[in-house]
Amino acid sequence: MRFEFYSDALANVPKLSVDGTVDNAIHFSHWRGNETPVSVKADTSTEIALNVVAAPNRHELTQGIDLVVNNHFDTDGVLSVWSMLNGARALPLGEKLIAAAEAGDFCEFSSVDAVRASIVIQGSDSPIDKSGSPLALKFSGEDFVDEARSYDLVLPKVEHVLTHTDFYESLWREPWRRIEVALDSFAKGESRVDEDLANKISLVTIAPAVFGSAGFDPAAHAAPFAAISHYARGNLFLVATPLNDGWAYRVDYPYYSWAETVVRPTIPRPDLSAAITALNEIEKSETGRWVIDSNELASAMKFAGVNNQLTVSQIAPDVVARALADTLHESLSAEAHHA
């Protein structure tokens, strides 16, 4: 098996598309629209790759093709490629591989070492962090490394990262500290999750202290995704952070829900336009508007101002939660009527 980062030059070459999905390829991927054989489907592409290498009909599944490609760089992509390239040698590391892939792709607190290993490979727990792979940057000695070269630098180190994660403490220490602070805030009740079980809405209130002594800066800080996914259980996460006598809001779907999954349940994505309209009608703040947010794989809506950044809303969290609940109720009623 050999790996190449996908480019148009490979469009008509027989290939195995691992994690990302590209045309004219055999898919081993959890991205929606994939054509992965049912016998090896799983929640992460890494687990799919492990299923392939363990399958008694592996050669039938791969049709004798030895070119593995992916079209993006992240933890699950790297680990699924590495598993395909290493075959049976990857299987004893299966638990560590899958846990790190879950941490990377789904922001899950699968284990301490899994989260740390994912940070080393792709950066923080934030799916919107585009600062690059700490591991690739370290070994390149450069300020920027493109995705193709990141694979070249990271793939040879995967086994060592998974089995000697503490060795890479300088790469995971600061992002891990931020995750630890957020988890501790929830454990102490400073940040909290209030579950609306009937409507499957998690109202997540983030304590400003999670973001440090300067508090929350909408232009600089992402939500503490790993901590939220560890505590929230709803189909919608209403994430509220107190800010300047108001609230900064974002609404997300569970962070795994963008993928095609087998074990994790499919999460419906209702039309939220009614909630947007209702909230904008009562919003008193002049700094922004409630808008649909599709910029991220799991984002749903937010209150945004200039440059689409989060800004201060004057609406209380319980009012926002009620607007969302009414929207979900209407959506379910419409589905039942059509059924």
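**View 1. Strand E7 is largely enclosed by the rest of the structure, because seven of its eight residues are buried.** E7 covers residues 236-243, and "buried" here means under 20% relative accessible area, with exposed being over 50% and partly exposed in between (1.4 Å probe, protein chains only). Helices and strands are DSSP runs numbered from the N terminus (H or I, at least four residues, for helices; E, at least two, for strands). Keep in mind that this is a predicted model, in which local features need pLDDT of at least 70 and side-chain atom pairs count only at pLDDT 80 or more, while totals for chains, interfaces and linings use all residues. Residues are numbered from 1 along each chain as its sequence is written, and side-chain values use heavy atoms, with hydrogens and water left out.

**View 2. E7 sits in an open sheet of six strands, ordered E5-E6-E7-E8-E10-E9.** The pairing in this sheet is mixed; two strands pair if DSSP finds at least two bridges between them. Strands of a sheet pair through backbone hydrogen bonds, either parallel or antiparallel. At the edges you'll find E5 (192-196) and E9 (289-292), each pairing on one side only. Ignoring direction, neighbouring strands here are turned by 20° against each other on average. Angles run from 0 to 180 degrees between N-to-C directions, and axes are lines fitted to C-alpha atoms, for helices over the stretch in contact.

**View 3. Two strand pairs in this sheet show both senses of pairing: E6 with E7 is parallel, and E8 with E10 is antiparallel.** E6 (residues 201-205) and E7 share five bridges, and Ser202 stands opposite Phe237 in E7. E8 (residues 246-252) and E10 (residues 299-304) share three bridges, with Val251 opposite Met301 in E10. Helix H11 (residues 273-282) packs on the sheet and touches E9 and E10; contact means heavy atoms within 4.5 Å. The direction of H11 makes about 170° with that of E9.

**View 4. Another open sheet has four strands in the order E1-E4-E2-E3, with parallel pairing.** E1 and E3 (26-28) stand at the edges with a single partner strand each, so one side of each has no neighbour in the sheet. On average, neighbouring strands are turned by 30° against each other, direction ignored. E1 and E4 pair over four bridges, and Arg2 stands opposite Leu67 in E4. Helix H3 packs on this sheet, touching E1, E2 (16-18), E3 and E4, and its direction makes about 175° with that of E4.

**View 5. Helix H1 (residues 45-54) packs against H3 (residues 75-86) at an angle of about 5°.** Two packed helices are described by the angle between their axes and the distance between the axes. For H1 and H3 that distance is 8 Å. The two helices are therefore roughly parallel, since angles under 35 degrees get that label, while over 145 is roughly antiparallel, 65 to 115 roughly perpendicular and the rest oblique.

View 6. Thr46, Glu47 and Leu50 in H1 meet Gly94, Leu97, Ile98 and Ala101 in H4. By class, that contact has four nonpolar, two polar and one charged residues. Here Ala, Val, Leu, Ile, Met, Phe, Trp, Tyr, Cys and Pro count as nonpolar, Asp, Glu, Lys and Arg as charged, and the others, Gly among them, as polar.

**View 7. Leu91 is in the loop between H3 and H4.** Leu91 counts as partly exposed, at 37% relative accessibility. Leaving aside neighbours within four places in sequence, Leu91 touches Leu50, Val53 and Ala54. Leu91 and Asn51 are 40 residues apart in sequence, yet 9.1 Å apart in space, C-alpha to C-alpha.

**View 8. Ser124 is in the loop between H5 and H6.** With 10% relative accessibility, Ser124 counts as buried. Not counting residues up to four places away in sequence, Ser124 touches Ile119, Asp129, Pro175 and Arg178.
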